[in-house]
Amino acid sequence: MFTGISIHTVFVLDQEEAIDFYVGKLGFEVVEDVDLGFMRWLTVSAPGKPDRRIHLEVPGPPSHSDETAAAVRDLLTKGALGATIFTTDDCRGTFKRLSDLGVEFTEEPTEQPYGIDCALRDPFGNHIRITQPTA
Amino acid sequence: MKSATEDQNRRLLRARDAMDRGFTRPLDVPALARIALMSPAHFSRQFRATFGETPHRYLQRRRIERACAKLRDTDASVTEIALEVGFDSLGTFSRTFTSLIGRSPTRYRAEATPLRAPVCFVKAWTRPTDAV
């Protein structure tokens with residue numbers, strides 16, 4: 001039986017810029033940041049929740065061919081690589097705090113059947129949704 | 001780090017996001033072009049090359065997608081919804097709706113059921129394609 005989801009990849013174009021955004025602005029924590037030589041293994045999680053990590057990966061050789069990496073980067077910057085949803089206990093407060101930091105929102109906090117949520121882009125084009133579930 | 005195309009993609013995406021946010025307002029190509037840091041004529045061409053449709057078409061699909069959600073989830077009248085999603089007249093709304101969805105707004109409402117998924121997915125996956 002599976003017991004959970006531990007890590008999934010979010011493609012980024014630059015890991016330093018990704019840290020500035022995911023850690024510096026969103027307030028996530030770096031869980032692992034290891035220079036393996038062939039790659040920089042970089043994962044982040046919500047504060048105090050290292051069991052559920054996002055691997056911030058730069059597409060490129062040798063993992064991807066140049067052509068494949070270019071295709072991934074193209075889709076990423078067009079906003080076509082899907083969405084990630086984070087939960088919060090204060091959607092409106094988070095929206096205000098991140099707006100003041102210049103984060104690019106695509107949707108303001110809105111009441112939904114399942115709670116309150118809003119949406120934003122990371123610097124590269126990934127879509128991120130922030131949900132405050134109905135208590 | 002970014003190639004010229006990737007940088008342009010990201011600027012066009014920023015303009016498309018602005019259209020998504022302000023979909024009730026009239027299409028303002030010069031304003032969108034400023035967000036994308038290009039001339040209006042270049043913006044319209046590059047938007048089409050990048051996303052496969054004109055800004056006008058994207059906005060229409062966005063508005064009709066929202067109209068579908070309001071028809072499904074609210075009791076507002078069709079006329080109210082037409083105005084709420086940015087159309088000036090019921091006639092233009094009904095024609096656009098029917099050509100994209102293949103059914104009238106009234107019939108769509110009668111046949112619709114609530115969709116249980118986070119809004120960004122509903123929004124992206126219920127955006128109508130070409131005329132049925």
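Chain B has eight helices and zero strands, and along the sequence it reads α-α-α-α-α-α-α-α, where helices (H or I, at least four residues) and strands (E, at least two) are DSSP runs numbered from the N terminus. Before I go on, this is a predicted model, in which local features need pLDDT of at least 70 and side-chain atom pairs count only at pLDDT 80 or more, whereas totals for chains, interfaces and linings use all residues. Residues are numbered from 1 along each chain as its sequence is written, and chains are lettered from A and ligands numbered from 1 in the order in which they are written.

Taken along the principal axes, the C-alpha atoms of chain B fill a box of roughly 50 × 30 × 25 Å. Of the 132 residues in chain B, 27% are buried; a residue is called buried if 20 or more other C-beta atoms lie within 10 Å of its own, exposed if 12 or fewer, and partly exposed in between, with C-beta atoms placed from the backbone. Among the contacts in chain B with a separation of 6 or more, 58% are between residues 24 or more positions apart, a contact being two residues whose C-beta atoms, placed from the backbone, lie within 7 Å.

The domain assignment divides chain B into domain 1 (4–52) and domain 2 (57–125), and such bounds come from an automatic or database domain assignment. Over C-alpha atoms, the centres of domain 1 of chain B and domain 2 of chain B are separated by 23 Å. Eight residues from domain 1 of chain B and eight residues from domain 2 of chain B take part in the contact. On the side of domain 1 of chain B that touches domain 2 of chain B, helix α1 (residues 4–21) of chain B gives the largest share, three residues. That side of domain 1 of chain B divides into four nonpolar, one polar and three charged residues, where Ala, Val, Leu, Ile, Met, Phe, Trp, Tyr, Cys and Pro count as nonpolar, Asp, Glu, Lys and Arg as charged, and the others, Gly among them, as polar.

Let me turn to one helix of chain B. Which residues of α3(B) are buried? They are B:F43, B:Q46 and B:F47, and seen down the axis of α3(B) the buried residues fall within an arc of 110 degrees, so they line one face of the helix, the arc being that of the directions from the helix axis to the C-beta atoms. An α-helix has 3.6 residues a turn, so residues three or four places apart point the same way. On the other side of α3(B), B:A41 and B:A49 are exposed, while the cover over the buried residues of α3(B) includes α1, α2 (29–35) and α4 (55–73) of chain B. After α3(B) comes B:G52, with a positive phi near 80 degrees.

Chain A has a helix that can be described in the same terms. In α1(A), the buried residues are A:A18, A:F21 and A:Y22, and down the axis of α1(A) they fall within an arc of 80 degrees, so they line one face of the helix. A:E16, A:D20 and A:G24 are exposed on the other side of α1(A), and β3 and β4 of chain A are among what covers its buried residues. Just after α1(A), A:G27 has a positive phi of about 90 degrees.

Now the cores. The largest nonpolar core has 14 residues, and those with the most contacts inside it are A:V12, A:L13, A:A18, A:Y22, A:V44, A:L56 and A:F124; a nonpolar core is a set of buried Ala, Val, Leu, Ile, Met, Phe, Trp, Tyr and Cys residues joined through C-beta atoms within 7 Å. At least two residues of this core come from each of α1 (15–25), β3 (40–45) and β4 (53–57) of chain A, with α1(A) giving the largest share, three residues. A second, separate core of twelve residues includes B:I64, B:L71, B:I81 and B:L100.

Finally, the interface: 19 residues of chain A are in contact with 15 residues of chain B. The largest share of the side of chain A that touches chain B, four residues, belongs to β6(A), and that side divides into four nonpolar, six polar and nine charged residues.
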